[in-house]
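Please examine the sequence and the three-dimensional structure shown below.

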Amino acid sequence: MSRRLYHNAIIVNEGCETPGWVATEGHFITTVGHGEPPAEMLSEGDVEAVDGGGGYLMPGAIDTHVHFRDPGLTEKADIATESRAATAGGVTSYIDMPNTVPQTVTLQAVEQKMARAAEVSDANYAFFIGATDSNLPELLAADYTRIPGIKLFMGSSTGGMLVADDCLLDRLFASAPAIIAVHAEDENIIAAARERLKAEHPEGIPVERHTDVRSREACIAATRRAIALAERHGARLHICHISTADELRLIAEAKLRGVKVTAETCPQYLLFDRTDFNILGSRIKCNPAIKDPSDRIALLRALRPGGIIDTIATDHAPHLLSQKEGDALTAASGMPMVQFSLAAILDLIDSEPEVEGVLTPAQVVELMAHAPARIFGIERRGFLRPGYYADLVLARRLPLPGHKITDADVVSRCGWTPLAGRTISWQITTLAHTKLPLRFGR
């Protein structure tokens, strides 16, 4: 089996940033060392030495929230193209969402996606099974050593997967044998806002009012409801794509009460606020909507160690640019983000006074590798440890002025990014990774 020695790097792992080296054999890490590797290791003829050039050597990012559009929506993207976009940006493992065509709401549909990924994926993979108002037997029969959890939509972002009935939700939270990942927006509040704004704008609701269509009140109500259900039944709850300061307060209070709840946010809520619609328009239209500047600042502050945000995922949701044309109701919601997520979050270390001195490479690794692995019980991923898979990423600072992102850089089939025109200061290289199904310990 092939042996490699990654050296001349700063090892970023488990809260530390230390000069060191990593030895691998085949798919696995054999040794993580400090300082310089033994001279005899560098001279061994069957060991390939990889010089890290003084960069940050870290475990590959794990993106637990992507929409790779396969099957049924492959004019936008598919598992092959989007997994290549992931590894181009240092994301070596992903968990895909169920709102495809057909929806991934049966065990057969999960197996079909697993088979497709085994053929074409360029990264490690897994797939949520989605909840509907009629598939509880499928959810109870699933093998949650192979399936990361249940995706529940409490807002209609989803092509008919909305589950809102109180009795059904009670049954789900009472009996779910795995973590429930929730899209938390209240559909009744959204519908009322939509009708009010349609009356105000009969010619079409401007895209910058998307924040008012899918309002903070919709997020707060659904998040409060999900927390109450988890608290009542002792269920494990993971709230996806947090976009408001108010939700952070609800989650903080719930954690203090012992509710088993974790929180995810996404790069778009950390990089943009509603004033950016003036320049970027529908390119930053997503569900939940991007909110106010004060929400962005609150989310940035919640990244600090021991803060309310546990993980950063991307909600990578590619559409063709032609599908992004329109107003607040007609332009498609979602954006590609997986390729530049790690670089963009590392950039926050230097560019955001709200996280200065708090966000470090070690904390980025905690949010994007360690915590996802820990929360979902991903086996032998997310850490640099002997016996773990050698999913290795090198992050190096670019010489000034950095790299200005353009749509031409995009690997995703959709061919564009909301980050076009933004300068990043980091070069991300995936040094080693496997292309295997993720496994989950319970």
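The following paragraphs begin with a helix and then turn to residues in loops.

This is a predicted model, in which local features need pLDDT of at least 70 and side-chain atom pairs count only at pLDDT 80 or more, while totals for chains, interfaces and linings use all residues. Residues are numbered from 1 along each chain as its sequence is written, and side-chain values use heavy atoms, with hydrogens and water left out.

Helices are DSSP runs of H or I with at least four residues, and strands are runs of E with at least two, numbered from the N terminus. Helix α3 comprises residues 107-120. Its buried residues (buried means under 20% relative accessible area, exposed over 50%, partly exposed in between, with a 1.4 Å probe and protein chains only) are Ala109, Val110, Lys113, Met114 and Ala117. They lie on the same side of α3 because they cover an arc of only 140° around the axis, the arc being that of the directions from the helix axis to the C-beta atoms. An α-helix has 3.6 residues a turn, so residues three or four places apart point the same way. On the other side of α3, Gln108, Ala118 and Glu119 are exposed.

Asp70 belongs to the loop between β6 (61-66) and α2, and is buried with a relative accessible area of 7%. Its contacts (heavy atoms within 4.5 Å), leaving aside neighbours within four places in sequence, include Lys113 and Arg116. The peptide bond from Asp70 to Pro71 is cis, with omega near 10°. Another cis peptide bond joins Val101 and Pro102, with omega about 0°. Most peptide bonds are trans.

Terms used
Expected span 1.5 Å × (residues − 1).
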